Amino acid sequence: MKKLLLFIALLSACFSFSQSTSFKISGTILAQDDKSPLESATIYLERVKDSSLVTYTISDKDGKFEIINDTYDDKLNLFIDYVGYQTYYKQITIDKDVIDLEIIELKISNALDEVVIKSRSPITIKKDTLEFNVKSFKTKKDANVEDLLKQLPGVEVDEAGKITVNGKDVSKILVNGKPFFGDDPTITTRNLTKDIIEKVQITDTKSKSEAFAGEEGDTENKTINLTIKEENNKGVFGRLAAGAGTEERYEYAGMVNVFDNDRRISVLAGGNNTNSPGFSFGEIQKMFGGGYSMSINSSGAFTIDGRSFGGGQGITTSQNIGANFADTVGDNVEVNADYFYSGSDSENETITQRENILPDSRFFSDSRSKSINDGQNHSANLGFDIEIDSTFLINVNPSFRWSTSNTSFTENEETRDEDNALTNQSTTASFAERDAKNFGTEFDLTKRFGDKGAFLKFEMDNEFNTSNSDDFLTSETNFFNAEEDDIIRDQYTDSDTRNRTVRLSTTYRLPIKAKELFLDFSYSFRDEKRTNLRSTFDRDTSTNLYDDFNFDLSTDFEYDNQENTPSVKLSYRKDKWSTSVTTSYVFRTLENKDFLRPELNLKRNFQAVELRANFNYRFSPKASMYSGYSLNNSPPSLTQLQPFQNVSNPLNTVTGNPNLEPTNNHRLYMGYNAFDFQKKTGIYSYASINFNNNQVVSRTIVDPETLKRTTTYANVNGNYNAFGNINYSKTIKADSLKTIKYDVGMSVSLRRNINFNNEVQYKSNVTALTPSLGLRFTWPKVMEFRPRYRLAFTKNTYDISTFEDVDFLRHDLDLNFTTYLPKHFEWTNNVDFSYNPNVAPGFQKSAWFWNSTLAYSFMKDKAVLTLKVYDLLNQNTNARRRATENYIEDRQSTVLQQFVMLSFSWKFNSLGSKGNTDSDSFFIMD
């Protein structure tokens, strides 16, 4: 009871009256030599007694700044930093509410200055790079990089570990300029601890060859580079953990890192049966990240996309092991290598109810399926960056992937007509074994000429894929109220697919005006050749062997897609803006040779113009906009073109259309991002629209007696989709310790599809509106409260009277609450509430999903004991409703149920000394 009263008292204290003094400091910063205003100078205040950061801001385009804050101190140290200038220092006495420093002139930095003192500027803006000094941002003692990023202005990290900077996605995280366990950012952010990091640098994403050649990067994505302190770049650190719980749940994980200056070796391993997307340490945050995708398709196939750690639908048991190596050989060669193994077993049951909409009628299908999957995945990557000299760079990146899987799948499905009469039913059982290998190499040569920006680049990428599978299938399809024979299958299929892709390209840049105006001449060649041999055999009832060749369900073809593309690009760059226009002409040949059905051979030649243009403008280091237009041409797929009658699905016969034309996609987009360091406000917006001409769509006819479908493809015009979102955030200081951050967002999407159903062409329009509101209250070392609410409204409309318009609502409420009291304890509660009022009867409409974790740290915070309760209220569900142009579907599958787990983790660290609070930059005493 006493502890409860203490907790209530502490919670109430956060709103109590504070005895701090409010103040406002203002001034104007000029260069001493020419009296010009200095934009984006960093102004920051530190406490006199311990040099801890109080607050900071940056100057505007006129050199003006304003700091408004509260403090308990009588005096504060004021510093002003600007790249290339001496740091300004002045001790400020807080004896009045308004302090006007008027004009402050900064001197140009001189290496011969005698009095040098280290600087601790929390933020530095260097043209296209935003740099944060880690020591300026307070976090909990055991913070990792993800905890640190959440404290940086303009940086957002969601619960899944996805990072955005001023509204733009972070696509890559580097450590001292090198990859760390591939391209998965969460492995880095949830493993490395804050105390070994010195700087966080944020730039536009670029490949190494783009950076070396001086090209502009990807303005829609960001890269974060973590620089490690020199004294912390040698030693061993890592963590080990294990946990056990009720319902036979368990988890284990370990990671060891050996850093020796340029050489880095890391090994990790883990496993669990708690659906964790990788390695879970049972603590408040998962130590290792995700970066995977695993799914179960309608036929029960188990697929792994890239680097898999287990997961997907149902209940998954996963095991993982990986290693990473990075080093510098000599002065000019950098080497990176990593290997991952992942294995997972997954069980899932799915219930689906679908209302299928026809122009003059409707029919209904219900299905229940079960799948059991066992998969393993190996992946290895190498990277060599060889700098022959200061003008010549070679990049070589080979990779290899090997995956195997076994899948068992069963399904029962019934279809009823509009009068609820049973029309057909089917049962399916299958077992499939698959083996897939992938080998690829990326080879780049970049040669710079002179100092005006000229370069010559050559790129060669090749990829080889092989896939073999053995599939056993038994199925029975029965038809009622129609004179249609039942379809019974007992088959074995041996499949062998091979794919080889080669891409060659070369680019020469001609500077028209040094470092500003460029003309690029490019040529690319791409050749993709795919062979598919699929042999299906029916079981011979007399011999009980699969030796009766089924011609209709077998294929043997060779497909070739060859492209030749010359391009010209004109680009112009200034300090505040840049623009470019690219024109390409594509010569494409598609050829298919069918060895089983030579009459279906086809060869098509296509030619098309492609365009790309962009314009980027930087209003200030705090605000920028980007925009662009593209015209892309994409050919129909082989399945859509090949006039082969695919009868693998007894209820849907699919035939390609050899007369299809390529699709032209017009995309127009723009974005605006701004973060005001003085007012702690941010606004991020994005809008795009896509128009598709000659888009390929399905054209289906449904037999009214059997409800069997016959599908082909057609080109249509008039499809488009538009998307826009805007988000506003602001951070308010409740007092010198507590902060409140709120954000308000709105996203809108519009989509129009031209469809065919029973030879009737119609339009469907889908409008989605999603407002959101979030709040974060932070009281360092005491508590953090993060509520968020989202409302998703979707409206489907049709232009034919027989289709009824459909509206959907979905409510999502997240409540995340963490307390750090008493000392050494951390109690986190994550509560999610979802409400789907429109799902069909029999599906769960609402649920409260509550996870609670209590962690106790001891042994000088090196050890953590954690008690976790998953799904405290035992209401977890994943029921969903979705609507397309011709059906409405409700779906629900297996979810992980309630369990309790006790875990222990221990971290070790023999890196060098933590260093002092200063960074490596300097300033001159005034």
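**A buried serine and the pairing of strands**

In this predicted model, S121 has a relative accessibility of 5% and therefore counts as buried, since buried means under 20% relative accessible area. The residue is found in the loop between β8, which covers residues 117-118, and β9, which covers residues 123-126. When the neighbours within four places in sequence are left aside, the residues in contact with S121 are T42, Y44, D81, N133 and S136.

Strands β2 (residues 42-47) and β5 (residues 75-81) run antiparallel and are joined by six bridges, with L45 standing opposite L78 in β5. Both strands belong to an open sheet of four strands, in which the order is β3-β2-β5-β6 and the pairing is antiparallel. The edges of this sheet are formed by β3 (53-58) and β6 (88-93), each of which pairs on one side only. Neighbouring strands of the sheet are turned by 20° against each other on average, direction being ignored. Strands of a sheet pair through backbone hydrogen bonds, and this pairing can be either parallel or antiparallel.

The bridge partner of N381 is S399 in β25, while the hairpin that joins β24 to β25 passes through two residues.

A further set of antiparallel pairings involves strand β28 (residues 487-513), which is joined by 23 bridges to strand β27 (residues 454-479). In this pairing, T474 stands opposite D490 in β28. Strand β28 pairs as well with strand β29 (residues 517-540), in the antiparallel sense and over 22 bridges, and the bridge partner of N499 in β29 is R530. Between β28 and β29, which form a hairpin, there are three residues, and K515 in the turn has a positive phi of about 60°.

Notes:
Residues are numbered from 1 along each chain as its sequence is written. This is a predicted model: local features need pLDDT of at least 70, side-chain atom pairs count only at pLDDT 80 or more; totals for chains, interfaces and linings use all residues. Side-chain values use heavy atoms; hydrogens and water are left out. Buried means under 20% relative accessible area, exposed over 50%, partly exposed in between (1.4 Å probe, protein chains only). Contact means heavy atoms within 4.5 Å. Two strands pair if DSSP finds at least two bridges between them. Axes are lines fitted to C-alpha atoms, for helices over the stretch in contact, and angles run from 0 to 180 degrees between N-to-C directions.
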